[in-house]
Structures are given as structure tokens and as C-alpha cells.
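Open the model in your viewer and keep the sequence panel beside it. The stops below say what to select and what is there.

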Amino acid sequence: MLRTALTDRFSLTAPIVGAPMAGVAGGRLAAAVSAGGGLGMIGVGGAVSPEVIQAEADRARAGGKPYGIGLMAWVLERRPEQADAVISARPDLVSISFGDYGRWVGRFHDAGIPVVTQAGDVDAARAAAGHGVDLIVARGAEGGGHGHDRVGTLPLLQGVLAAVDVPVLAAGGIATARGLAAVLAAGAAGAWIGTALLACPEGDNTPAARKRIQAANETGTVYTRLFDVGRRIPWPREFGGRALANEFSRAWEGRDDELAADEQAQRQLADAQQQEDYDLGCLYAGQAVGLVTEERPATTLVTELAAGAEELLRRWS
Ligand SMILES: Cc1cc2nc3c(=O)[nH]c(=O)nc-3n(C[C@H](O)[C@H](O)[C@H](O)COP(=O)(O)O)c2cc1C
């Protein structure tokens, strides 16, 4: 069994965290990741109520394994009740990313809940260490969903490992045993995986979305703000998201401001999303999407990633 600072701290058998993915990672996916020996996380989006947080947490907790909940710092400024709901749910880990997360660290620590945040460059990782977080995710530009696109995972991971003493998880582009072995060999305490889980049947995404994910290849993504602008989701400007490129992203490329004023295009996007029409609608995914070619239960995926990485690392030891 692979042992790292991550597995020791949370009594895991796989050095893997299932990324909190709003709209995809609910309690069911989190429990399935945890059942595979990793630490599954629930992703909480901007519109999620305290009641839903509690219900998803109950679902994750029912698996009897450690799990976590992921919040967005810019949302907490508008909806601090999400933080209260997480504190009363008592997960084993909370992640807070995207915005001024530092002011929340003490509150979660006072409640006995460890805190992790995602950093997209070395300075951000140093700042996270200064805020006293328990784990830092070095999250590279190839990752799916929101984040920064400044630095790729490998140069970022090397820089962050050299800069901080806090255990570091690697994220962005990791979807196979080879990827997991590589970041562990570099010194990461584990991998934080999102895109790799997008074709798991336990996710809250749709079967049509899972099919699209399996069909896409590694060149099929784009880093953009268009889908947030088009859906009027008030993400801070500094954060774009990596999504599957499609007709909508190609038509509006470089025209964020125009899209912000075009109500007809916004309606078209909203309709497409509702009708699961992903030629126009948004599907967040990272470059590892090219490695996701079949629907596989998350428990199996996590178990196999860890066993495969262990085997690869043994070959070199
Ligand atoms: C569909 C999707 C939704 C995401 N939602 C969130 C979220 O709600 N909160 C968060 O902190 N990160 C979110 N992320 C980013 C992940 O935490 C992580 O940075 C990313 O998935 C890692 O790269 P990978 O996709 O290559 O594994 C999301 C990613 C994806 C693909």
C-alpha cells in the first residue's frame, strides 16, 4: 500500500482526493471515491443551500469513510451560511478556493476541520502556507473547471514542493496510474483528480455529458470565461475555466464583453444547458479528458489508479 502524509492523516489506502466539482461531485460520487480508499469530496456551487449541503454530506458520510466538502471563497462572501452548514456537517476536510479564503481558515480550524486550498502559482502556494492551511493543491493549467491557466502542473508542482513545507497534492491532468506515480515520485503527497471522474456513473452529471467526455480528446478543451459570462455567473474576472470547446466557445471567442450584452445568446446558452445540448452548452473538463474513454465506477477507478501507481513505483525502487 502506498503511504504518504495524505494517507496517514486521513487513514486512506489510496493517495487520491476526488476534486470537489460543483454539479458533478455530490455525496454519492464522494462516497464512491472514499470507498476506493481515497478521499471523496462534494463540490458546492454558488446556488447550493445549507439544506442541500447537509443532505449531500449525509450521503457521503453514510459510506462510513472520510470525505470532504469544497467551497468557493467568492461565494462565501455572499452566502456565509454555506460555511455554517459545512461546520455543522463536520466533514474530514474542507477545501476553499477562488478568492479570499484566508479569512475562513481559522473558523474551520476552530471547528476541528482541516483546510486545503488550490494554488495556481508558487506565490499563491507560499501565501497559502502563510494562512496556515493543512494541505496545498498545486493546480496546473491543464486542469478542468475553474482555476488559473498560468503554469502547467509539472513546473508548478516542482516549484511548490521546493517552496513550502506543507504537504502538497498535485492537480491538473492526472488520470492514469502513470500520472499518479509521476507526481508521487516528484514528492507530492497525492493527486487531486477531477476530470478522471467525469465518466463515473455516480456523478450528478448527465449520461449525455458522460458520453461527450468519453468522446473528447486531449486537444478538445479551451480555457475561457465565456460560459460564465453567458450564464451570468459572477465569477471574479481572474478565474476562467477549462471546458470542452464547442460551437458556442468558437463563435464567441475573444468577445466576452459583447456576449455580456447579448441577451439572446445568453438565452440560447441557458436553453442548450437545460436540453443537454453540448454542441452549445458548457461541460467543464481538463486536458486529461483524452484519457477518459470508458464509464467506470469511481471505486474501481481509484483502487486501480493506486494499485497501478504502486506497481510502477516498485519497478524503479
Ligand atoms: C466539472 C468540474 C467542476 C469543478 N468544480 C469545482 C468546484 O466546485 N470547486 C473547486 O474547488 N474546484 C472545482 N473544479 C476544479 C477541480 O477542483 C480541480 O482543480 C481540477 O479538476 C483538477 O484538474 P483535472 O480536472 O485535470 O483533474 C472543477 C473541475 C471540473 C472538471
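**Helix H2 and its surroundings**

Select helix H2, then bring up strand S1 (16-18), strand S2 (40-43), helix H3 (50-61), strand S3 (67-72) and helix H15 (298-316): the buried residues of H2 pack against these elements. This is a predicted model, so read every value on the tour as computed from it. H2 covers residues 27-35, and seven of its nine residues are buried. Colour the buried ones: Gly-27, Leu-29, Ala-30, Ala-31, Ala-32, Val-33 and Ser-34. Then step off the end of the helix. Gly-37 follows H2, and its phi is positive, near 100 degrees.

**Two positive phi values outside glycine**

Go to the loop between helix H1 (5-10) and S1, and select Ser-11. Its phi is near 55 degrees, a positive value in a residue other than glycine. Is Ser-11 buried or exposed? Ser-11 has a relative accessible area of 64%, so it counts as exposed.

Now jump to Arg-90, in the loop between H5 and strand S4 (93-97). Arg-90 is not a glycine either, yet its phi is positive, about 55 degrees. With a relative accessible area of 45%, Arg-90 is partly exposed.

**Along helix H5**

Select helix H5, residues 81-89, and pick out Gln-82. Show its contacts beyond four places in sequence. They are Val-44, Gly-45, Gly-46, Val-48, Ile-53, Leu-71, Val-75 and Leu-76.

Stay in H5 and move to Ile-87. Ile-87 counts as buried because its relative accessibility is 17%, and the cut-off is under 20%. Leaving out neighbours within four places in sequence, Ile-87 is in contact with Arg-107, Phe-108, Ala-111 and Ile-113. Draw a distance from Ile-87 to Phe-98. These two are eleven residues apart along the chain, and their C-alpha atoms are separated by 19 Å.

**Trp-104 in helix H6**

Next, select helix H6 (residues 102-110) and find Trp-104. Trp-104 has 6% relative accessibility, so it is buried. Which residues does Trp-104 touch, not counting those up to four places away in sequence? Leu-76, Pro-80, Ala-83 and Ile-96. Draw a C-alpha distance to one of them, Ala-83. The separation is 8.6 Å, across 21 residues along the chain.

**Where H7 meets H8**

Show helix H7 (residues 122-130) with helix H8 (residues 153-163). Two packed helices are described by the angle between their axes and the distance between the axes. Here the axes come within 9 Å and cross at roughly 35 degrees. The crossing of H7 past H8 is right-handed. On the H7 side, select Val-122, Ala-125 and Arg-126; on the H8 side, Leu-156, Gly-159, Val-160 and Ala-163. The residues of this contact divide into five nonpolar, one polar and one charged.

**Between the domains**

Domain 1 is 5-203 + 294-316, and domain 2 is 207-274. Their C-alpha centres lie 24 Å apart. The contact takes 22 residues from domain 1 and 14 residues from domain 2.

The size of an interface is often given as the accessible area lost when the parts come together. The two domains bury about 1,600 Å² between them, 59% of it on carbon and sulfur atoms. Which three residues supply more of the area that domain 1 buries against domain 2 than any other three? Select Trp-74, His-146 and His-148: together they supply 35% of that area.

**Last stop: Arg-242**

Select strand S11 (residues 240-244) and centre on Arg-242. Is Arg-242 buried or exposed? Arg-242 is buried, as its relative accessible area is 9%. Finish with a C-alpha distance from Arg-242 to Gln-287. It comes to 8.4 Å, for residues 45 apart along the chain.

Definitions and conventions
Residues numbered from 1 in each chain as written. Predicted model: local features only at pLDDT ≥ 70, side-chain atom pairs only at ≥ 80, totals over all residues. Heavy atoms only, no water. Axes fitted to C-alpha atoms, helices over the stretch in contact; angles between N-to-C directions. Helix = DSSP H or I, 4+ residues; strand = E, 2+ residues; numbered from the N terminus. Left-handed = near helix turned anticlockwise from the far one by under 90°. Contact = heavy atoms within 4.5 Å. Nonpolar A, V, L, I, M, F, W, Y, C, P; charged D, E, K, R; others polar. Domains from an automatic or database assignment. Buried area = accessible area lost by both parts, 1.4 Å probe. Buried < 20%, exposed > 50% of the residue type's maximum accessible area, 1.4 Å probe, protein only.
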